[in-house]
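This report walks through selected features of the model shown below.

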Amino acid sequence: MQGILLAGDSAGNNVDFMIHGIFSYQLFGQQVWITTSHVCLLIVVCVLTIFFIVGGQVFKHASEIPTGFQNFLEIIVEFLDGMVDKTMGKKGKGFRNYIGMLFIFILFSNISGLLGLRPPTADYGVTLPLGIITFILIHVNEFRFNSVKDIWVDKCSPLPPWLPIWLPINLIGDFAVPISLSLRLFANVLSGTVMMALVYGLLNKVAYAWPAVLHAYFDIFSGAIQTYVFCMLTMTYISNAIGNKEEA
Amino acid sequence: MGEFNDAFIFGCSAIGAGLAVIAGIGPGVGQGIAAGYGANAVGRNPGAKGDITSTMLLGQAVAETTGLYGLLIAMLLLFVKPFT
């Protein structure tokens, strides 16, 4: 259980950045835990759902000249759409919703460390599914927009297609994509979490006000950069997989 | 692990964790080079500052990955304790 949950007492002191199990239940004979990551994820998703519902209502009664909250929402939507358009060009029309949702979700997860939650993205169980979704999107789009023969030629690429010696290496490269994407996000957020826990746990006599600087760096700057990188790489990989066919 | 006691294994894991985070040297050098060329590019073409900065940050974040792998190994050795 310790190895799976990363839980347990770390030398019995008050440095605490672990995931704790809240309660366990049996599922198909396996012991499954509901952990603090689930709770934090639920909080993040609930806040975002409320935000989206309120935003939808605002846009339903949108005025010609935007005021207040509508201004804010339009800035967000324009920024996200502009980012997708700039990276993917014409091919990005269908991916605006997914990339925008991904950006908002990861960004809010990363900066939720400011609100006293343990960031859900500091759990590999949250980032690996995001990587796998990217992987599935890459390959579904590869097969949608290219013929099987083209894909075979591409997979044997440095050598001619009748000599598939490079095929296994290219396949390993393909499977490394979701792992490296998810590990990058996970390790960045985890390192910030660990650093903040060390500061608060070991220096708790003198940790007044100045850890705000560290929060600004680890939670806001690093979190925003990693969100941007994750979305950017997802878009680049998908747009590479689609290729240069102007069908979208 | 019957032959060694837990303290010995944990001590060796701590040394291994310390060695693993030496991986941070590589990304440090790489990010510094990227930042240097970024500053160079901004000096040549100040109008493209936004594009240069975002490209530089993207490349730096990708280069950071190898150092983070070292950090992950250190974390695994120290907190998951795979050998005890």
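## A hairpin in chain A

A:Gly21 stands opposite A:Thr35 in E2(A). The two strands involved are E1 (residues 21-27) and E2 (residues 30-35) of chain A, which pair in the antiparallel sense over six bridges. Strands pair if DSSP finds at least two bridges between them. Helices (H or I, at least four residues) and strands (E, at least two) are DSSP runs, numbered from the N terminus.

Two residues lie between the strands of this hairpin. A:Phe28 takes a positive phi there, near 50 degrees. In a regular strand, side chains alternate between the two faces of the sheet.

## Basis of the model

This is a predicted model: local features need pLDDT of at least 70, side-chain atom pairs count only at pLDDT 80 or more, and totals for chains, interfaces and linings use all residues. Residues are numbered from 1 along each chain as its sequence is written, chains are lettered from A and ligands numbered from 1 in the order in which they are written, and side-chain values use heavy atoms, with hydrogens and water left out.

## Helix packing in chain A

Helix H6 (residues 148-155) and helix H7 (residues 167-202) of chain A pack at an angle of about 100 degrees. Their axes are 9 Å apart. H6(A) is therefore roughly perpendicular to H7(A). From H6(A), the contact uses A:Trp152, A:Asp154 and A:Lys155. From H7(A), it uses A:Leu167, A:Asn170, A:Leu171 and A:Asp174. Contact means heavy atoms within 4.5 Å.

Axes are lines fitted to C-alpha atoms, for helices over the stretch in contact, and angles run from 0 to 180 degrees between N-to-C directions. Angles under 35 degrees count as roughly parallel, over 145 as roughly antiparallel, 65 to 115 as roughly perpendicular and the rest as oblique.

A:Gly192 lies in helix H7 of chain A. Its relative accessibility is 5%, so A:Gly192 counts as buried. Buried means under 20% relative accessible area, exposed over 50%, and partly exposed in between (1.4 Å probe, protein chains only). A:Gly192 and A:Asp219 are 27 residues apart in sequence, yet 7.0 Å apart in space, C-alpha to C-alpha.

A:Ser222 sits in helix H8 (residues 211-242) of chain A. At 14% relative accessibility, A:Ser222 also counts as buried. Leaving out residues up to four places away in sequence, A:Ser222 touches A:Asn188 and A:Tyr217.

## Chain B overall

Chain B has three helices and zero strands. Its elements run α-α-α from the N terminus on. The radius of gyration of chain B is 19 Å, well over the 12 Å that the globule rule gives for 84 residues, so chain B is more spread out than a compact globule. That radius is taken over C-alpha atoms, and the rule is 2.2 Å times the number of residues to the power 0.38. The C-alpha atoms fill a box of roughly 65 × 15 × 10 Å along the principal axes.

Buried residues make up 21% of the 84 residues in chain B. Among contacts between residues at least 6 apart in sequence, 73% join residues at least 24 apart.

## Helices H2 and H3 of chain B

Helix H2 (residues 25-44) and helix H3 (residues 49-80) of chain B pack at about 170 degrees, with axes 9 Å apart. H2(B) is thus roughly antiparallel to H3(B). Residues that meet include B:Ala34, B:Ala35 and B:Gly38 in H2(B) and B:Ile52, B:Met56 and B:Ala63 in H3(B).

B:Gly47 is found in the loop between H2 and H3 of chain B. At 74% relative accessibility, B:Gly47 counts as exposed. B:Gly47 and B:Thr84 are 37 residues apart in sequence and 57 Å apart in space, C-alpha to C-alpha.
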